[in-house]
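Welcome! Please take a moment to look over the sequence and the model before reading on.

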Amino acid sequence: MTPELMQAGTRLKIEHEARLAATASRTESGGRSASYGRLVKHGEPDFTQGVALYLDDITVSFDGFKALNALSLAINVGELRCIIGPNGAGKTTMMDVITGKTRPDAGRASFGSTIDLLRLRENDIAQIGIGRKFQKPTVYEELSVFENLELALAADRRARASLFHRLSGQQLDRIGEILTLIHLKPSAQRTAGLLSHGQKQWLEIGMLLMQDPKLLLLDEPVAGMTDEETERTAELFLSLEGKHSLVVVEHDMKFVDQLTEGRKTVTVLHEGSVLAEGKLADVQANDKVVEVYLGR
Amino acid sequence: MSAVLNSSSDFSLQPRRGLLLGIRGWTGVVAALITVAVLVPVLNLLVPEGSALHLGDYYVALVGKIMCYAICALAMDLIWGYTGILSLGHGLFFALGGYGMGMYLMRQIGRDGQYKADLPDFMVFLNWKELPWTWTLSDSFIAQMLLVILVPGLLAFVFGYFAFRSRIKGVYFSIITQALTYAAMLLFFRNETGFGGNNGFTDFKRILSIPIAQPSTRMVLFVLTGLTLIGFFLMARAIVHSKYGRVLQAIRDAESRVMFTGYDPIAYKLSIWTLSAVMCAIAGALYVPQVGIINPGEMSPAASIEIAIWAAVGGRGTLIGPIVGAFFVNGAKSWFTQVFPEFWLYFLGALFIAVTLFLPNGLVGLYAKLTSRSKKEDKEVRA
């Protein structure tokens, strides 16, 4: 092999690595793309197809009433997707299906491209990285803010492990970080039941972040918040975009507008299926959407 | 933000834990230990009967009995006060533990019964020729004590597994436990079941071949019961102060959030439920040799409801509360049934209503309220 060839080879290799590094920062999968050579890791979702959540033809009926009617939806990795729709459109039922609370009558739901959500229970789904915020803030009222976050901390969830659990310095730092992020550091030792409604919403969001989920489902996260709190929440969610995939169900159009920044996709649900999908401005101009929202 | 926090871990955030109890708490535990293990034995056995300091056998027996009840109330508090699951069937586990001990004590009677036979009297009366299979191990103290723990523990585990897996909660769970203890009572009432029918077991003579009625034996049982109660109290304290204990309280406050955080509530509920049942069973086994009788009446729904009343009167969600409640209600009961025997049940009903209406946190909650108020007044006076 001549020196020239070796030099050329080295140059090509450096260029290749630079290309890889450039793509790695852009995608969740670290620059890798779908191939046959991937290893399936047990309990870990495979995001190399670029899809975080995939719902296909999901149907749920309660006593003949179809809460979800052949709903199909795909959320990309790192995407922030807002979902709007009138009351009874099936938004909360959709979250119930994703988190394992409700079993659909038909259809498929998968997390990444390998994990079938319909075969897992609520706690397993939470463990593989789907966090959910309820419509009504749900925190442990009698425990302190600190303890609420401590329980949400990603750690061994089994009973025996909890019996002998001790917080490490790193874990304390993590709790402190989140406390600062949700502006509850001065209230760390207060009983969570004494917090205001908006603060409880923040605490619940903080608990979700402690879990470090890959996909966050947020059901009306700013209900009951002041304008300032709403704005701060929007900033927080925008800062999470890219690192996590987010699905936000919301009625507050101003908030949705702020989150989508005029370019992201909004999905409109109606009667259990997707009515329209597109940018917020386009969707708001859609005749069908106007009809559904304003009545005929 | 992270730069500020990275320099040193923020330990000021963490509440101080690890000592289990404060100075006052440990003083109380030591005082209780001295009372149970030194004071009562000395005052009862060594101080002569005529002396003003002598503690009568009646009071020793009464306190011994109430300490067994206090263990049950403590067990009830772990499952009800901390985990939010109201069991109205804990009397069943208490009675099963009692029957386990009673079987051993029946065999210890030997040939000293009425019929001078190898078999327990009631079997002779029923004209049985040999022991039923359930009595196979009843001759061995160690085996029978293992059964005291295993039988109620296994029953609680199997029952709990199916109930919690089916997500039976709240009032439905309470009703099913009530039905369970009632069904067991009907079963034990039958002579064919082989546990003495409605008379149960009584007339015990010996334990470990030592006469059961002599003062020193009774005192050993008393001290053992006291030490068990204190031991269980410290164990319960360690449990509720661990992360495991906080998950239990989280299940009580918002079970769905616990599930969506990735915890499997079944494992937590099932473990504390089984532990609680075993605690009751041990209390039952300590109760029977001191009281001298066990019959299916202990499985009656009312007996189980009383355990819940002790916990509620004393104060749920604190560990000292149920112990205080058991002593208060049973102390009042023994006084009332002597002075106004007809009115005891009216008093119990009134007490329960009063506690529900005015003292949601029980007697311990009342005490805490009064002391915090007097502290506040102190401050105001000083200011």
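Please keep in mind that the model is predicted.

**The sheets of chain A**

Let us begin with the open sheet of 4 strands, whose order is S2-S1-S4-S5 in chain A, with antiparallel pairing. Strand S2 (65-76) and strand S5 (115-116) of chain A stand at the edges with a single partner strand each, so one side of each has no neighbour in the sheet. Strand S4 (residues 106-111) of chain A runs antiparallel to S5(A), and 2 bridges join them. Here Phe111(A) stands opposite Ile115(A).

The other sheet described here is also open, with 6 strands of chain A in the order S6-S7-S8-S3-S9-S10 and mixed pairing. Its edges are strand S6 (130-133) and strand S10 (273-279) of chain A; each has a single partner strand, so one side of each is left without a neighbour in the sheet. From one strand to the next, the twist averages 20°. Strand S9 (residues 265-270) of chain A is joined to S10(A) by 6 bridges, and the two run antiparallel. Within this pair, Thr267(A) has Glu277(A) as its bridge partner.

| Helix | Strand | Angle |
|---|---|---|
| H9(A) | S3(A) | about 155° |

Helix H9 (residues 253-260) of chain A lies across S3, S8 and S9 of chain A.

**The helices of chain B**

Helix H3 (residues 57-82) of chain B has 26 residues and spans 36 Å from its first C-alpha to its last, close to the expected 38 Å. H3(B) bends by about 30° at Met76(B). Of its 26 residues, 20 are buried, so H3(B) is largely enclosed by the rest of the structure. Just after H3(B) comes Gly84(B), with a positive phi of about 80°.

Is Phe336(B) buried or partly exposed? With 17 other C-beta atoms within 10 Å, Phe336(B) is partly exposed. Leaving aside residues up to four places away in sequence, Phe336(B) touches Phe343(B), Trp344(B) and Phe347(B). Phe336(B) and Met76(B) are 260 residues apart along the chain, and their C-alpha atoms are separated by 25 Å.

Methods
Residues numbered from 1 in each chain as written. Chains lettered and ligands numbered in written order. Predicted model: local features only at pLDDT ≥ 70, side-chain atom pairs only at ≥ 80, totals over all residues. Pairing = 2+ DSSP bridges. Expected span 1.5 Å × (residues − 1). Bend = angle between axes of the 7 residues up to and from the residue. Buried ≥ 20, exposed ≤ 12 C-beta atoms within 10 Å, placed from the backbone. Contact = placed C-beta atoms within 7 Å. Axes fitted to C-alpha atoms, helices over the stretch in contact; angles between N-to-C directions.
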